[in-house]
Amino acid sequence: PKKPTFKSLKNISSRKLVVVWDNPDYDAERIQIQVATNKTFTKNVKNYYMDDSYPYTKTISKLKKGTTYYVRVRSYVKIGETNYYSAWTNYKYKKVTK
């Protein structure tokens with residue numbers, strides 16, 4: 001599948017980030033969002049999986065105030081028993097201040 005477009009990352013309220021993306025590939029069935037505390041995505045990594053359906057947003061909660069989080073997105077499709085992934089988007093980062 002094609003790589004999604006990472007639109008924005010916002011710290012909205014009380015230890016929450018909102019991830020917004022756009023997916024140009026309508027064949028992609030699912031989205032993987034990866035959140036980490038470093039830009040190499042090797043520390044405190046969490047993965048979120050969701051159906052690729054409009055609106056293209058995900059709220060991530062229970063984050064630590066004062067911590068910077070790095071986020072990236074990719075789409076994938078499952079054919080048979082195999083998952084086929086797009087490339088990761090460039091990461092965005094945001095310090096949780098609210």
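**Strands, pairing and pocket**

Mentor: Trp-21 has its place in strand β2. Bear in mind that this is a predicted model.

Trainee: Is Trp-21 buried or exposed?
Mentor: Residues under 20% relative accessible area count as buried. Trp-21 has a relative accessible area of 3%, so Trp-21 is buried.

Trainee: What distance separates the C-alpha atoms of Trp-21 and Gln-34?
Mentor: Along the chain, Trp-21 and Gln-34 are 13 residues apart.

Trainee: Which residue of β5 stands opposite Val-20?
Mentor: Strand β2 covers residues 17–22 and pairs with β5 in the antiparallel sense over four bridges. In β5, the residue opposite Val-20 is Thr-57.

Trainee: Which strands are the edge strands of the open sheet of three strands?
Mentor: The order of this sheet is β1-β2-β5, with antiparallel pairing. An edge strand here pairs on one side only. The edge strands are therefore β1 (5–11) and β5 (57–60).

Trainee: By what angle are neighbouring strands of this sheet turned against each other on average?
Mentor: In the sheet with the order β1-β2-β5, the angle is taken with direction ignored. The average is 15°.

Trainee: How many residues of strand β3 are buried?
Mentor: β3 spans residues 30–36 and is mostly covered. Of its seven residues, the number buried is six.

Trainee: How many bridges join β3 to β4, and how many to β6?
Mentor: β3 and β4 (residues 46–51) run antiparallel, and Ile-31 stands opposite Met-50 in β4. β3 also pairs in the antiparallel sense with β6 (residues 68–79), where Arg-30 stands opposite Tyr-76. The bridges number six to β4 and seven to β6.

Trainee: Which elements give two or more residues to the lining of the largest pocket?
Mentor: The largest pocket has a volume of about 210 Å³ and is lined by 13 residues. Asn-44, Lys-46, Lys-62, Leu-63 and Tyr-69 lie nearest its centre. The elements giving two or more residues to that lining are β3 and β4.

Trainee: How many charged residues are in that lining?
Mentor: By class, the lining of the largest pocket has six nonpolar and four polar residues. The charged ones number three.

Trainee: Is Lys-62 buried or exposed?
Mentor: Lys-62 is found in the loop between β5 and β6, and its phi is positive, about 60°, although it is not a glycine. Residues over 50% count as exposed. At 73% relative accessibility, Lys-62 is therefore exposed.

Trainee: What is the phi of Arg-15?
Mentor: Most residues other than glycine have a negative phi. Arg-15 sits in the loop between β1 and β2 and counts as partly exposed at 40% relative accessibility. Its phi is positive, near 60°.

Notes. Residues numbered from 1 in each chain as written. Predicted model: local features only at pLDDT ≥ 70, side-chain atom pairs only at ≥ 80, totals over all residues. Heavy atoms only, no water. Buried < 20%, exposed > 50% of the residue type's maximum accessible area, 1.4 Å probe, protein only. Pairing = 2+ DSSP bridges. 1 Å grid on protein atoms, 1.4 Å probe; cavity = no way out; pocket = protein on both sides within 12 Å on 5 of 7 lines; lining within 4 Å. Points joined across faces, edges and corners; volume = space filled by probe spheres on them. Nonpolar A, V, L, I, M, F, W, Y, C, P; charged D, E, K, R; others polar. Axes fitted to C-alpha atoms, helices over the stretch in contact; angles between N-to-C directions.
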